[in-house]
Amino acid sequence: MSLLDEQSLSGELAQTPGWERQGDAIVKVVRLADFAEAMAFVNRVAELAEAADHHPDITIRWNTVTLTLSTHSAGGLTGKDFDLARRINAL
Ligand SMILES: C[C@H](O)[C@H](O)[C@H]1CNC2=NC(N)=NC(=O)C2=N1
């Protein structure tokens, strides 16, 4: 999977609402009702990540989940990140 150039990144971001670029990654912050809902959401993300064999960095602070996606093996953003981001958006 090859790194996306700046023009492709802009196009992908425009099709991936709720995610913002942070350097070599894209980030989404999701607020749930409470910690239990945050954990349930993270577990659904985990299922998608396992199915895709592509895994976000995840932090959980009570009801707030921060997902960070980057393709570590490529050293930056690839189509895999945006594919998974859009699957997460569809949850
Ligand atoms: C062996 C396995 O396919 C790799 O380690 C995968 C797993 N999940 C991954 N997730 C992410 N975000 N980047 C990777 O490069 C990556 N590599």
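1. A word on terms to begin: helices (H or I, at least four residues) and strands (E, at least two) are DSSP runs, numbered from the N terminus. On that basis, I58 is found in strand β3, residues 57-61. Please keep in mind that this is a predicted model, where local features need pLDDT of at least 70, side-chain atom pairs count only at pLDDT 80 or more, and totals for chains, interfaces and linings use all residues. Residues are numbered from 1 along each chain as its sequence is written.

2. Let us stay with I58 for a moment. A residue is called buried if 20 or more other C-beta atoms lie within 10 Å of its own, exposed if 12 or fewer, and partly exposed in between, with C-beta atoms placed from the backbone. I58 has 14 other C-beta atoms within 10 Å, so I58 is partly exposed. Contact here means that the C-beta atoms of two residues, placed from the backbone, lie within 7 Å. Leaving aside residues up to four places away in sequence, I58 touches V42, V45, V65 and L67. The C-alpha atoms of I58 and V45 are separated by 9.5 Å, and the two residues are 13 apart along the chain.

3. What about the rest of β3? Of its five residues, the number buried is zero, so β3 lies largely in the open.

4. Now the strand pairing, which requires that DSSP finds at least two bridges between two strands. β3 and β4 run antiparallel and are joined by five bridges. Within this pair, T59 stands opposite T66, and R61 is opposite T64. The β3 and β4 hairpin has two residues between the strands, and W62 takes a positive phi near 50°.

5. β2 also joins β4, through six bridges in an antiparallel arrangement. Here V27 stands opposite T68 and K28 faces L67. Strand β1 (residues 20-22) pairs with strand β2 (residues 25-31), again antiparallel, over three bridges. R21 of this pair stands opposite I26 in β2. The β1 and β2 hairpin has two residues between its strands, with G23 in the turn at a positive phi of about 65°.

6. Which residues have the most contacts inside the largest nonpolar core? The term means a set of buried Ala, Val, Leu, Ile, Met, Phe, Trp, Tyr and Cys residues joined through C-beta atoms within 7 Å. The largest such core has 13 residues, and those with the most contacts inside it are I26, V45, L67, L69, L84, A85 and I88. The elements giving two or more residues to this core are α2, β4 (64-69) and α3 (79-89). α3 supplies the largest share, four residues. A85 touches T16, W19, I26 and L69, not counting residues up to four places away in sequence.

7. Helix α2 passes a simple length check. The expected span is 1.5 Å times one less than the number of residues. For the 18 residues of α2 (35-52) this gives 26 Å, and the end C-alpha atoms are 26 Å apart, which agrees. D53 follows α2 and has a positive phi, near 50°.

8. Finally, D53 is also one of the residues surrounding the ligand, along with H54, H55, S70, T71, H72 and S73.

Methods:
Near = placed C-beta within 6 Å.
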